[in-house]
Amino acid sequence: MTTSQNAATRLRRARSGVGAGGAGRPGRSRNAIAGQTRRTYSALIVPSVVLLVLINAYPFAVAASQSVHDGTLISEGAFVGLDNYVTVLTSEAFWKATRFTIIFTIVGVFGSWLLGLAFALLLRTRIPANGLFKVLLLLPWVVPVVVSATAWNWLVATPQSPIPLLLRQFGIENVLFLADPTLAAVTVCVFKVWISFPFMMMMTGAALAAVDPTVYEASQMDGASKWQQFRMITLPLIARSTYISWILMTIFCVNDFPTIYLLTGGGPVDATTSLTVLAYRTVFQNFQLGPGVAIAFIMTLALVAVSVVLYRQIRKSSVE
């Protein structure tokens with residue numbers, strides 16, 4: 001038997017769990033090893049899971065109790081069952097806030113993703129001062145939101161702000177970005193995209209860095225165009241990272257309170273009131289604890305449903 005044949009035989013024996021002497025270690029089949037690995041992983045995960053349950057179980061139980069009582073911030077109140085949920089679901093303010101929350105979330109998720117993807121692809125090319133460009137693009141995300149909101153207020157809030165003054169030079173008069181309901185909603189959504197796209201850029205950039213460049217070289221030799229490479233190679237290979245970033249950004253948008261409250265306070269005429277802002281007002285301004293917590297629970301259920309759907313897409317997007 002030649003040296004290469006001996007090496008091939010040893011390799012086959014190693015894959016099947018058989019030692020060099022020809023006898024396998026008893027009780028060490030692949031299934032047994034896999035089972036032991038799963039038990040090890042479970043033993044490592046269980047402490048973290050138990051800790052998370054202990055930290056979150058009590059607040060969750062208290063909030064669930066508050067949502068079915070007619071209480072205030074200082075007293076639990078009488079038990080009312082599902083009346084708080086019925087009150088919320090039949091409220092016009094709730095559905096108006098729901099519509100804006102959906103629009104705000106869709107624009108925030110896909111707007112920031114498209115912009116982040118574009119910059120991530122741009123940064124993969126050789127451009128002058130690439131490192132400095134990356135740092136500058138991270139600033140909207142790094143700067144505290146209160147600073148960004150204050151800057152945007154200075155830019156658009158009044159007729160004497162820089163952007164309305166600039167538009168006036170082109171003959172566009174009386175553009176009230178934060179006083180007009182439609183313009184206020186557009187401004188808030190654009191602001192959300194502005195402060196969120198660096199996060200998407202980092203997520204997408206990390207996924208693109210893991211793609212093997214030889215895949216593009218092979219496709220180019222086969223005559224694939226840039227658009228075909230992007231559609232058939234780039235998007236499928238970064239699909240997992242994309243769905244994960246969508247899940248995270250959906251959670252960020254639905255739960256986003258400071259972005260909206262600092263910029264518009266939920267106005268004008270509740271045009272930019274999201275479910276989070278509505279829940280805050282209900283509890284801390286109207287002192288209706290039960291309905292406010294019920295709104296929060298409905299938001300949680302909606303986020304869980306969206307996360308489950310996107311998580312299934314993550315599992316389907318596995319690329320062998």
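pLDDT is the predictor's confidence in each residue, from 0 to 100. Keep that in mind, as this is a predicted model, where local features need pLDDT of at least 70, side-chain atom pairs count only at 80 or more, and totals for chains, interfaces and linings use all residues. Residues are numbered from 1 along each chain as its sequence is written, and side-chain values use heavy atoms, with hydrogens and water left out.

Confidence, then. The protein chain has a mean pLDDT of 84, with 89% of its residues at 70 or more. Over residues 14-27, pLDDT stays under 50. For that stretch the model has twelve contacts (heavy atoms within 4.5 Å) beyond four places in sequence. Among the elements, helix α1, residues 3-15, has the lowest mean, 52. Helix α4, residues 92-123, has the highest, 94. Helices here are DSSP runs, H or I, of at least four residues, numbered from the N terminus.

Next, helix α11, residues 239-254. From first C-alpha to last, its 16 residues reach 22 Å, close to the 22 Å expected at 1.5 Å a residue. That expected span is 1.5 Å times one less than the number of residues. Its buried residues (under 20% relative accessible area, 1.4 Å probe, protein chains only) include Tyr243, Trp246, Ile247 and Met249. What do the buried residues of α11 pack against? They pack against α4, α8, α10, α13 and α14.

Last, α13 and α14. Their axes, lines fitted to C-alpha atoms over the stretch in contact, come within 7 Å and cross at roughly 160°. The two are therefore roughly antiparallel (over 145 degrees) to each other. Among the residues that meet are Leu275 and Leu278 in α13, and Val293 and Ile295 in α14.

Note on methods: Helices (H or I, at least four residues) and strands (E, at least two) are DSSP runs, numbered from the N terminus. Buried means under 20% relative accessible area, exposed over 50%, partly exposed in between (1.4 Å probe, protein chains only). Axes are lines fitted to C-alpha atoms, for helices over the stretch in contact, and angles run from 0 to 180 degrees between N-to-C directions. Angles under 35 degrees count as roughly parallel, over 145 as roughly antiparallel, 65 to 115 as roughly perpendicular and the rest as oblique.
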